[in-house]
There are 2 protein chains.
Amino acid sequence: MKERKIIVVGGTAAGPSAAAKAKRTNPGADVTIYESSETISYGICEAPYAISGLIEDESKLVKYSPEKLQHEKDVEVKTLHRVEKIIPSKHKLIIRDFRTRGTFEQQYDKLIIATGSVPRCLNVPGEDGRNVFHLKNREDTQSIINYLNNEKPESAVIVGSGYIGMEMAEALRARLPEVMLLDQSSLPMEGLEEETRRRVLEELNNNGVQFIPDVAIEAFQQDGTGRVKHVITNRGAFESDIVILALGVDPNIELAKDANIRIGEYGGIITDQRMETNLDDIYAAGDCCEVQNIVTGKPIYLPLASVASRAAWVAGENAAGGHAVFKGAIRATAVKIFNLQIAQVGISSEEAIENGYKIVTDVISASSRNELMPGSEVVTIKLIVDKSTRRLLGANLFSCCGAVLRANTLAVAIQQKMSVDEIARLDLIYAPPFAPLWDPILIAANQVKKKNH
Amino acid sequence: MKERKIIVVGGTAAGPSAAAKAKRTNPGADVTIYESSETISYGICEAPYAISGLIEDESKLVKYSPEKLQHEKDVEVKTLHRVEKIIPSKHKLIIRDFRTRGTFEQQYDKLIIATGSVPRCLNVPGEDGRNVFHLKNREDTQSIINYLNNEKPESAVIVGSGYIGMEMAEALRARLPEVMLLDQSSLPMEGLEEETRRRVLEELNNNGVQFIPDVAIEAFQQDGTGRVKHVITNRGAFESDIVILALGVDPNIELAKDANIRIGEYGGIITDQRMETNLDDIYAAGDCCEVQNIVTGKPIYLPLASVASRAAWVAGENAAGGHAVFKGAIRATAVKIFNLQIAQVGISSEEAIENGYKIVTDVISASSRNELMPGSEVVTIKLIVDKSTRRLLGANLFSCCGAVLRANTLAVAIQQKMSVDEIARLDLIYAPPFAPLWDPILIAANQVKKKNH
């Protein structure tokens, strides 16, 4: 294989994965990552646990330093370098070096775009307060930890109650007496089933987090030092010493758009199953991309590290001359909220209806273990089933124990397009300390199966 | 539907399941269970935990009394009644009533045989000692508990190191200072992979259970009161105050054999996928039957409650006029050994080779959670893969945490005949408190996939 120059734009998650995979696939390739910040390979998903103090040393979230990636994976890393323009016709990049402040041109044979996502903003007055934080990168994590350590806030407002909002509520509650969660919706965790969302609300209440529903933020009122003291909303003013904005993310696609790379309905880069964009020799992976939803067959925006990693491997392998395929994702997510495990796999009832499915759903609660065994907890499962094909489209699971790994079992069933009848017949483990004679999965499938007749 | 008389022979596990399912399927049917002992619906799988004291009240292992089953499921139960003969040509049974000691004839329209299994014996002198126990039914459980409470033994010998042997080792170790596990094999838990068996041995050693390999039992030496004091073996005499025989079970098929019902290679009743035997209107389910191994397509003897329950539902439904199908089982089992979770799904390397597969295997160890998170443990997974089709045939998993429910995910993959390539691409959950970015399942599949190229 001819030596080729593979350039990766972005070093947070998908970038280093793609680069390392490219090098493994084609050890003769010359692989370079350009990253505009100082840090690569940062475990932002673990950040809430570094903020809570559960992970004591925040620096452990950096999995690879540039030197380590160079040393262990033979991938060159250029931090503080921003790729400013792609010139596809010339297979060339224009790159700014923040140290010299100058730009230079760089040839590539294959390019992998892994520019990730940008956190959403509210665009209201006062949002730039120095105690208003996103949680998107190492700088954010460190700023929050420093602020907590140095300024010892006593009350926090989190805006947005998705996965990050939930994790931050738990993290801050471990450090502050007063945590409020403000959301535009009537229940936390939009996108989950109503049964799950009600249980989440209960868990928040039980653990001293106040959930304020139906909130529209109007402004952040700052004191003289640039610090927000009150969050002004349609439902009144809330005092707060620290504000976290957890509003979700959008694909970071300025660079791609400027190069006329095709962008999809959800604002993400569109690739084929080889993770190649509409432009020759330009691949993309990670939070900057849309992916195929295996359940619906349509594109979906799923900014998840698990999806990014798998897609990055495919992009890296193919950029290096391989023939890998990324079939997409189903959405397989979980979050810990105090003592509660919450998992979602596949699509929600709402998405199913939006996608034209007629659905049957059912909710069951059953023991996680043989019910006589100590440590047995109730697992609740909601299954969402296509009425016509009887195929499982999605599920929500929650419990104090044994929900998340069970969700993976259903994740396989969804990916295999199994019907509830097939799921109801599955041979699963019975062992009193771990699972009851009829696993909650079997109980759920047998239950919804009856309803679907 | 014409009212029909459905008779079920045997009331331990499969019998009550089949009976209740028959009644649900056809509420007009007249369903009767004949059981030769006093107890029905006994959770023998939980017995080790009642013996250890973890489950304090042994009577809770009885899920249904005859009266409760009658009341809740409208199934008539005749305990202390032994079905002594089936006369298939006349659709008739000869039944002995232990109370009156007499026999009577009973007509049936449909018959379900659920006679279960019988524990294996050694057939050596002294095996009838009053402190030598099997663990097969309620009487055994109660006898062991009474013996432990009343005679306060200080040393125990368990013969056989399968699932029951393991559970009894842990149970007795919770109550006695000295527990020995004697086995004819060189390592505990024959049938599991060697890596797993070595880890089991380590766990036994760490918890004060002495494993004696390569043992052939020659005799049990009794004292004057009919109590065994020494177990005489090819490796010397072992002193013991209580002996548990955990040698496995054989199908209980005397009744079926006498009626010319077809018996298979492993000594179990052969049924079709409707759980009907070779004789019209006679069904069978549970430990008295062989089932189809979904992996190999051949019959297998799998005396497991999980398999029995599913098969019993099918037998019950069909006996009642329904059209259910039992596709078989893969062997999905797990056991807790002190702090260790052990799970096996599908066939072993040895079985694979016996069945003519050329196999590739690999063993990986990976974190059960994000490795920075407290509570993360190492999960070890061995995958057994068919070299030609690349299909997953079986797996062993062990860990202090997160092995068993992960095994169920692989159980689905095996049942769906997924290749390691497909498994390596699965979309599974990443959430730091529950699972790492690349779940151990994905790491294992990616690893063995490489080896298979």
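Colleague: How many salt bridges does the rule find across the interface of chain A and chain B?
Modeller: The rule finds two across that interface, a salt bridge being a side-chain nitrogen of Lys or Arg within 4 Å of a carboxyl oxygen of Asp or Glu. One of them joins the side chains of R310(B) and D427(A), at 3.2 Å from N to O.

Colleague: Before we go on, what should I know about the model?
Modeller: This is a predicted model, where local features need pLDDT of at least 70 and side-chain atom pairs count only at pLDDT 80 or more, while totals for chains, interfaces and linings use all residues. Residues are numbered from 1 along each chain as its sequence is written, chains are lettered from A and ligands numbered from 1 in the order in which they are written, and side-chain values use heavy atoms, with hydrogens and water left out.

Colleague: Thanks! How many residues of chain A are in contact with chain B?
Modeller: 57 residues of chain A are in contact with 57 residues of chain B, where contact means heavy atoms within 4.5 Å. The copies meet through the same surface, because 100% of the interface residues of chain A are also interface residues in chain B.

Colleague: And what area is buried between chain A and chain B?
Modeller: About 5,200 Å², with carbon and sulfur atoms giving 69% of it; that is the accessible area (1.4 Å probe) the two parts lose on being put together, summed over both. In chain A, the residues that lose the most area to chain B are D427(A), I429(A) and F434(A), together 15% of what that side buries.

Colleague: New topic: is T277(A) buried or exposed?
Modeller: T277(A) counts as buried because its relative accessibility is 8%; buried means under 20% relative accessible area, exposed over 50%, and partly exposed in between (1.4 Å probe, protein chains only).

Colleague: Which residues does T277(A) touch?
Modeller: Not counting residues up to four places away in sequence, T277(A) touches several, including I261(A), I269(A) and Y283(A).
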